[in-house]
Amino acid sequence: MKLLPLTPDGQTPVRVLTIAGTDSGGGAGIQADSRTMALLGVHACVAVAAVTVQNTVGVSGFHEIPPETVAAQVRSVVTDIGIGAAKTGMLASTAIIEAVAAVCRELGIGRDGHVPLVVDPVAASMHGDPLLHAEALDALRHTLIPLATVITPNLDEVRLLTGIEVTDDATARAAAEALHRLGPRWAIVKGGHLRTSDFSTDLLFDGERFHELSAPRIATGNDHGGGDTLAAATACALAHGYEVPDAVAFAKEWTTRCLQAAYDLGAGHGPVSPLWRLRADVAAHRRS
């Protein structure tokens, strides 16, 4: 695949900010975001919104960071370092969502600002453990999602946000239209969890046109952090100036490669792995 350009040594690389929760098991959340950003040659900045207690089996608890501290992290990074794009992940509560939305509007982050915003509306872990208080769904719908350049929910999150159960192409298109009515510039309905198909097809919609992005389904149970990886790679491509369809297509291919390289970890679901990039670079160096 064609990768994002690397900045020469000693020069400041593209910067991307992730606003999300941690994963103590290292497979998802800020850890997954930072891993993909680093291996795409991007400098990762972070604003921690929550600290989770989790491993490969599940999430046993989480601690929310005070909303004003979350917003202060964003403001501190943007006003000094500057960013080319931002993404959100686990935001946990209504108060944190509202604080993040407010500071994004203040700093010009979002669909109508100068910095694109990828919203991954994380509501639950892949094990079904809640990562968002139930009452915060309305804050996602009406406060944060309308600021998004693109939103990247999985099928469970699509159902929670729209009430639509995606089972085929027709319901995927209906869900994409319903998500777009919430206000983002672009909406994705990801097909990774629609396991009845031999292909993983993501549907991207801008209110007028549908774009289908398809890849063969990877037969693995080690897919922890796949959604974070897709959203992070999309943000990286946007920071490099890609248009949304091209950024999502790049992220789709990147995530597919990361699924192919996924590995066992612990007693549960292992993580998708961008470490294949290191091997690819070594192989290219040997050929040269």
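Colleague: Buried means under 20% relative accessible area, exposed over 50%, partly exposed in between (1.4 Å probe, protein chains only). Is W254 buried or exposed?

Modeller: W254 is buried, with a relative accessible area of 0%. This is a predicted model: local features need pLDDT of at least 70, side-chain atom pairs count only at pLDDT 80 or more, and totals for chains, interfaces and linings use all residues. Residues are numbered from 1 along each chain as its sequence is written, and side-chain values use heavy atoms, with hydrogens and water left out.

Colleague: Aromatics next. How many aromatic pairs does a search of the whole structure find?

Modeller: The search finds three. F205 and F210 make a stacked one, 4.2 Å centre to centre with 20° between the planes. Rings of Phe, Tyr and Trp (its six-membered ring) pair if their centres lie within 6.5 Å; planes under 30 degrees apart count as stacked, over 60 as edge-to-face and the rest as tilted.

Colleague: How exposed is F210?

Modeller: F210 is partly exposed, at 25% relative accessible area. F205 is buried, at 5%.

Colleague: What kind of pair do W254 and W276 form?

Modeller: A tilted one: 5.2 Å centre to centre, 50° between the planes. W254 is in helix α8 (residues 244–260) and W276 in helix α9 (residues 276–287), so the pair ties together parts 22 residues apart in sequence. Helices (H or I, at least four residues) and strands (E, at least two) are DSSP runs, numbered from the N terminus. W276 is buried, at 6%.

Colleague: Which residue lies over the face of W276?

Modeller: R257, at 4.0 Å from the ring centre. Over the ring of F210 sits the charged end of R173, 4.5 Å from the centre. A charge sits over a ring if NZ of Lys or CZ of Arg is within 6 Å of the ring centre and within 35 degrees of the ring normal.

Colleague: Change of topic. How many residues are in the largest nonpolar core?

Modeller: 59, and L17, V74, I109 and V189 have the most contacts inside it. Helix α3 (residues 94–107) supplies the largest share, eight residues. There is a second, separate core of 33 residues, including M37, L40, V150 and A233. A nonpolar core is a set of buried Ala, Val, Leu, Ile, Met, Phe, Trp, Tyr and Cys residues joined through side-chain atoms within 4.5 Å.

Colleague: What does V74 touch?

Modeller: L17, I19, A47, V103, L107 and I109, leaving out residues up to four places away in sequence. Contact means heavy atoms within 4.5 Å.

Colleague: Which α3 residues are buried?

Modeller: Among them are I96, I97, V100, V103, C104 and L107. An α-helix has 3.6 residues a turn, so residues three or four places apart point the same way.

Colleague: How far does α3 reach from its first C-alpha to its last?

Modeller: 20 Å for 14 residues, close to the 20 Å expected at 1.5 Å a residue. The expected span of a helix is 1.5 Å times one less than its number of residues. G108 follows α3 and has a positive phi, near 75°.

Colleague: And α7, how many of its residues are buried?

Modeller: 13 of 14, so α7 is largely enclosed by the rest of the structure. G241 follows α7, with a positive phi near 95°.

Colleague: On to the sheet. What is the strand order?

Modeller: β3-β2-β1-β4-β5-β6-β7-β8-β9, an open sheet of nine strands with mixed pairing. The edge strands, each pairing on one side only, are β3 (59–64) and β9 (210–216). Two strands pair if DSSP finds at least two bridges between them.

Colleague: How does β7 pair with β6?

Modeller: In the parallel sense, over two bridges. I151 stands opposite A187 in β7. Three bridges join β7 to β8 (residues 199–205), and these two run antiparallel. There, I188 is opposite L204.

Colleague: Which residues cover the faces of β7?

Modeller: W186 and I188 are on one side, A187 and V189 on the other, and all are buried.

Colleague: Last one. Where does T56 lie?

Modeller: In the loop between β2 (43–54) and β3. T56 counts as buried, at 9% relative accessibility. Its contacts include H127, L265 and H269.
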